[in-house]
Amino acid sequence: MITSVKIKRLEGKELVHIDSLCETTPATNKYLQRPLHYHMLVGTHVPDEYQIQSGALAVLLLKAPTVVDLEIWRINHGDWIADATVETARGHRLRRGEGKTPVEALNNLVVDVQRS
């Protein structure tokens with residue numbers, strides 16, 4: 001099972017487009033447009049106990065002027081991956097954080113983005 005939440009900042013607005021996908025139950029796929037706020041992941045496939053913390057970290061990342069979009073994955077063995085597309089002088093680069101929870105993966109992504 002792969003679960004993914006992709007968040008893209010909408011140009012010129014404090015809004016995000018959220019594409020929430022659960023591979024095993026396509027009927028539950030959601031496409032949401034929400035304010036850039038720490039509650040923005042409520043109702044997505046990010047587990048309830050991590051939605052607020054993950055939303056706060058996602059807001060922190062998306063407020064960085066170089067971060068284009070963000071994706072949070074739950075992979076088959078239960079670990080989480082957080083990817084961000086970052087704009088650099090040489091073009092777009094993918095940055096990644098991994099962890100046992102979405103919060104840990106996003107924390108590691110924040111560290112990686114700050115280093116780049």
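Which residue in β4 does Ser 4 stand opposite? The residue facing Ser 4 is Trp 73 in β4, in what is a predicted model.

**Strand pairing**
- Strand β1, which covers residues 3-9, pairs with strand β4, residues 67-74, in the antiparallel sense, and six bridges join the two.
- β4 also pairs with strand β5, residues 80-88, again in the antiparallel sense, here over seven bridges, and within β5 it is Ala 84 that stands opposite Leu 70.
- The hairpin of β4 and β5 has five residues between its strands, and in this hairpin Gly 78 takes a positive phi near 95°.

**Helix α1**
- From its first C-alpha to its last, α1 reaches 18 Å with its 13 residues, which is close to the 18 Å expected at 1.5 Å a residue.
- The buried residues of α1 include Ser 54, Leu 57, Ala 58, Leu 61 and Leu 62.
- An α-helix has 3.6 residues a turn, so residues three or four places apart point the same way.
- Gln 51, Gly 55 and Val 59 are likewise among the residues of α1 that are buried.

**Nonpolar surface patch**
- Tyr 38, Val 42 and Ile 52 form a nonpolar patch on the surface, and together they have about 230 Å² of accessible area.
- Val 42, one of the residues of this patch, is found in the loop that lies between β3 (30-35) and α1 (51-63).
- Val 42 counts as partly exposed because its relative accessibility is 34%, a value that falls between the cut-offs of under 20% for buried and over 50% for exposed.

Terms used:
Residues are numbered from 1 along each chain as its sequence is written. This is a predicted model: local features need pLDDT of at least 70, side-chain atom pairs count only at pLDDT 80 or more; totals for chains, interfaces and linings use all residues. Side-chain values use heavy atoms; hydrogens and water are left out. Patches are made of residues with over 30% relative accessible area and no salt bridge: like charges are joined within 9 Å, nonpolar side chains (Val, Leu, Ile, Met, Phe, Trp, Tyr) within 5 Å. Accessible areas come from the Shrake-Rupley method with a 1.4 Å probe; for residues, only the protein chains shown count as cover. A salt bridge is a side-chain nitrogen of Lys or Arg within 4 Å of a carboxyl oxygen of Asp or Glu. Helices (H or I, at least four residues) and strands (E, at least two) are DSSP runs, numbered from the N terminus. Buried means under 20% relative accessible area, exposed over 50%, partly exposed in between (1.4 Å probe, protein chains only). Two strands pair if DSSP finds at least two bridges between them. The expected span of a helix is 1.5 Å times one less than its number of residues.
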